[in-house]
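Q: I have just opened this model and would like someone to walk me through a part of it. Could we go slowly?

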Amino acid sequence: MALSLLIVSISFYLKEYISPDSDLYATLSLVSVAGVVVMVIAFSLGLGAMPWIIMSEILPINIKGLAGSFATLANWFFSWLVTLTANLLLDWSSGGTFTIYTAVCVFTAGFVAIWVPETKGKTLEEIQQFFR
């Protein structure tokens, strides 16, 4: 996701210095669209499912309902926040907007790598030990 967003941001930055009549401008437009499509696919296959996977594998049974509701609320709140701010940020700077999104993706990948435990082949009790 971060790589595709970085490609989109670079193409937007480059488009600021190229004449709209040139072939390179049209190519950069296609690169921007392709980068966004790749990001959406990567999100759907990876990070988009993360809240639902974490809820099903990490949360203990006794708090699964309440914690699942909170996780769903947080997921939809941040989706709403991105939707709300996207047009404002794009009016400010298209390249800057996708640079911010790239930075958030890199931060998220680091956060997941450090703080989200591997659950493959572990029981719920072993996973809960990770958080104690």
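What follows is a conversation about some helices and their contacts.

Q: Before we start, what sort of model is this?
A: This is a predicted model, in which local features need pLDDT of at least 70 and side-chain atom pairs count only at pLDDT 80 or more, while totals for chains, interfaces and linings use all residues. Residues are numbered from 1 along each chain as its sequence is written, and side-chain values use heavy atoms, with hydrogens and water left out.

Q: OK, how many residues does H5 have, and how far does it reach?
A: Helix H5 (residues 94–115) has 22 residues and reaches 31 Å from its first C-alpha to its last, which is close to the 32 Å expected at 1.5 Å a residue. The expected span is 1.5 Å times one less than the number of residues, and helices here are DSSP runs (H or I, at least four residues) numbered from the N terminus.

Q: And what happens at the start of H5?
A: There, a side-chain oxygen of Ser-93 comes to within 2.9 Å of the backbone nitrogen of Gly-96.

Q: How do H4 and H5 lie relative to each other?
A: The axes of helix H4 (residues 64–92) and H5 come within 6 Å and cross at roughly 140°, the axes being lines fitted to C-alpha atoms over the stretch in contact, with angles from 0 to 180 degrees between N-to-C directions. The two helices are therefore oblique to each other, a word for angles left over once those under 35 degrees (roughly parallel), over 145 (roughly antiparallel) and 65 to 115 (roughly perpendicular) are set aside.

Q: Which residues of H4 and H5 meet?
A: On the H4 side they include Val-82, Leu-89 and Trp-92, and on the H5 side they include Phe-98 and Tyr-101, where contact means heavy atoms within 4.5 Å. The residues of this contact divide into eight nonpolar, three polar and no charged.

Q: Switching topic, is Thr-102 buried or exposed?
A: Thr-102, which is found in H5, is buried, with a relative accessible area of 10%; buried means under 20%, exposed over 50% and partly exposed in between (1.4 Å probe, protein chains only).

Q: What does Thr-102 touch?
A: Leaving aside neighbours within four places in sequence, Thr-102 is in contact with Ala-2, Leu-5, Leu-6 and Ser-9, and a polar atom of its side chain lies 3.3 Å from the backbone nitrogen of Leu-6.

Q: Last one, where is Val-36?
A: Val-36 is in helix H2 and counts as partly exposed at 30% relative accessibility; not counting residues up to four places away in sequence, Val-36 touches Val-8 and Phe-98.

Conventions
Ala, Val, Leu, Ile, Met, Phe, Trp, Tyr, Cys and Pro count as nonpolar, Asp, Glu, Lys and Arg as charged, and the others, Gly among them, as polar. A polar contact is a pair of N or O atoms within 3.5 Å; within protein, one must be able to donate a hydrogen and the other to accept it, and residues adjacent in sequence count only if both atoms are side-chain atoms.
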